[in-house]
Amino acid sequence: MQNFWDKLSKLSTVEKIVVANVVIFALMLLINPLQVSWRFDPYNWLAPSGKAISVAGATGYIAVVMQDRWWTLVTANYVHLSGIHLALNMAILYSCLLYT
């Protein structure tokens with residue numbers, strides 16, 4: 001386990017954010033695995049269920065104001081609605097590392 005933490009500590013901030021996003025997306029898929037969409041189209045491939053998206057921290061007026069879930073303003077940064085959405089966002093984020 002120490003080896004894992006050593007490797008993690010050597011990652012840049014951008015790489016740590018990428019790892020966090022991938023881990024949170026994997027956990028979202030595990031929240032309700034029978035509801036995961038396996039259709040291969042740009043918007044729905046590996047799409048977690050609505051319940052998983054809500055539990056993971058999707059935000060909006062209802063979540064923040066009516067349900068008093070203010071932390072969703074931060075956690076929504078790590079919620080992705082499909083595998084393609086995650087892959088493209090992480091590729092763009094990682095490309096920022098290449099130019100810094």
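The largest nonpolar core here has 7 residues, namely Val18, Phe25, Leu29, Val36, Leu46, Leu86 and Met90. A nonpolar core is a set of buried Ala, Val, Leu, Ile, Met, Phe, Trp, Tyr and Cys residues joined through side-chain atoms within 4.5 Å. Two or more residues of this core are given by each of the elements α2 and α6. The largest share, 3 residues, comes from α2. As general background, nonpolar side chains tend to be buried together in soluble globular proteins.

Before going on, a word on what you are looking at. This is a predicted model, in which local features need pLDDT of at least 70 and side-chain atom pairs count only at pLDDT 80 or more, while totals for chains, interfaces and linings use all residues. Residues are numbered from 1 along each chain as its sequence is written, and side-chain values use heavy atoms, with hydrogens and water left out.

**The overall picture**

The protein has 6 helices and 0 strands, and its elements run α-α-α-α-α-α from the N terminus on. Helices (H or I, at least four residues) and strands (E, at least two) are DSSP runs, numbered from the N terminus. The C-alpha trace spans about 40 × 35 × 30 Å along its principal axes.

Of the 100 residues, 24% count as buried. Buried means under 20% relative accessible area, exposed means over 50%, and partly exposed lies in between (1.4 Å probe, protein chains only). The protein exposes about 7100 Å², with 69% of that supplied by carbon and sulfur atoms; accessible areas come from the Shrake-Rupley method with a 1.4 Å probe, and for residues only the protein chains shown count as cover.

Among contacts with a separation of 6 or more, 49% are accounted for by residues 24 or more positions apart. Contact means heavy atoms within 4.5 Å. As for charge, the mean positions of the 6 positive and 4 negative charges are 5 Å apart. Lys and Arg count as positive and Asp and Glu as negative, with His and the chain ends not counted; the place of a charge is taken as NZ of Lys, CZ of Arg, CG of Asp or CD of Glu.

Met90, one of the core residues, sits in helix α6 (residues 83-98). Met90 is buried, with a relative accessible area of 11%. Leaving aside residues up to four places away in sequence, Met90 touches Val18, Asn21 and His80. Met90 and Glu15 are 75 residues apart in sequence, yet their C-alpha atoms are 9.4 Å apart in space.

Leu46 is buried, with a relative accessible area of 14%. Its phi is near 55°, a positive value in a residue other than glycine.

Asp68 is not a glycine either, and it has a positive phi of about 55°. Asp68 is found in the loop between α4 (61-66) and α5 (72-75), and is exposed, with a relative accessible area of 53%.

Ala76 belongs to the loop between α5 and α6. At 25% relative accessibility, Ala76 counts as partly exposed. Residues up to four places away in sequence aside, Ala76 touches Gly57 and Thr59. The C-alpha atoms of Ala76 and Thr59 are separated by 5.9 Å, with the two residues 17 apart along the chain.

**Aromatic pairs**

Rings of Phe, Tyr and Trp (its six-membered ring) pair if their centres lie within 6.5 Å; planes under 30 degrees apart count as stacked, over 60 as edge-to-face and the rest as tilted.

| Pair | Distance between ring centres | Angle between planes | Type |
|---|---|---|---|
| Phe4 and Trp5 | 5.0 Å | 75° | edge-to-face |
| Trp70 and Trp71 | 5.8 Å | 80° | edge-to-face |

How exposed are these residues? Phe4 is partly exposed at 45% relative accessibility, and Trp5 is partly exposed with a relative accessible area of 47%. Trp70, at 56% relative accessibility, counts as exposed, whereas Trp71, at 40%, counts as partly exposed.
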